[in-house]
Amino acid sequence: MENRRILLDMEVTEMERQFADYSASLFREGYLDGQFTQLQQLQDETNPDFVVEVVSLFFDDSERLLNDLTLSLEQECVDFKKVDAHVHQLKGSSSSIGAQRVKNTCIAFRNCCEMQNIEACRACLQQVKQEYFLVKNRLQTLLRMEQQIVATGGSIPTME
């Protein structure tokens, strides 16, 4: 029984190390910024699912906005103010959870809206979609790792 507990402790320690390494890579590669760390710091025993809930809302909002942007840019007569409003919203929500690469792509997208360049806007939309799906995939992996650690009795390493 004691050997089994030692093995479990070693597994948990390894999962915690992998989580810390993976999390650090998301910051190093520019997917996330300090805003995500601040979100993590708001999570505590009274609200253990805070980050998952906020990230899920980000996913829902982003996918709705990306669909709205796609429809807007398919119109014969593009309403650039409407497109810019959607991009502004996406920039704000990505900024609020620390999705740095999505936010930065939105900044370039807004410049294209300002110039009313339809082809550049369509290219930016593709780039924003790509960055969004990359960060979504990585955040889902990070949250899955976190759930596995918690399920085995471990604790989530805090990011500085």
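**View 1. Helix 4 passes helix 5 in a left-handed crossing.** Left-handed is said of a crossing where the near helix is turned anticlockwise from the far one by less than a right angle. Residues of this predicted model are numbered from 1 along each chain as its sequence is written, and local features need pLDDT of at least 70, side-chain atom pairs count only at pLDDT 80 or more, and totals for chains, interfaces and linings use all residues. Side-chain values use heavy atoms, without hydrogens and water. Helices are DSSP runs (H or I, at least four residues) numbered from the N terminus. The axes of helix 4 (residues 80-97) and helix 5 (residues 100-114) come within 9 Å and cross at roughly 165°; helix 4 is therefore roughly antiparallel to helix 5 (over 145 degrees).

**View 2. Residues in the contact of helix 4 with helix 5 (heavy atoms within 4.5 Å).** Helix 4 contributes F80, V83, D84, V87, H88, L90, K91, S94 and S95, and helix 5 contributes V102, K103, C106, I107, F109, R110 and C113. Nine of the contact residues are nonpolar, three polar and four charged.

**View 3. Buried and exposed residues of helix 2 (residues 34-42).** F36, T37, L39 and Q40 are buried (under 20% relative accessible area, 1.4 Å probe, protein chains only). Seen down the axis, these buried residues fall within an arc of 155°, so they line one face of helix 2. On the other side of helix 2, Q41 and L42 are exposed (over 50%).

**View 4. Q147 in helix 6 (residues 118-151).** Q147 has 49% relative accessibility and so counts as partly exposed, the class between buried and exposed. Q147 and N111 lie 36 residues apart in sequence and 39 Å apart in space, C-alpha to C-alpha.

Conventions:
Axes are lines fitted to C-alpha atoms, for helices over the stretch in contact, and angles run from 0 to 180 degrees between N-to-C directions. Helices (H or I, at least four residues) and strands (E, at least two) are DSSP runs, numbered from the N terminus. Angles under 35 degrees count as roughly parallel, over 145 as roughly antiparallel, 65 to 115 as roughly perpendicular and the rest as oblique. Ala, Val, Leu, Ile, Met, Phe, Trp, Tyr, Cys and Pro count as nonpolar, Asp, Glu, Lys and Arg as charged, and the others, Gly among them, as polar. The arc is that of the directions from the helix axis to the C-beta atoms.
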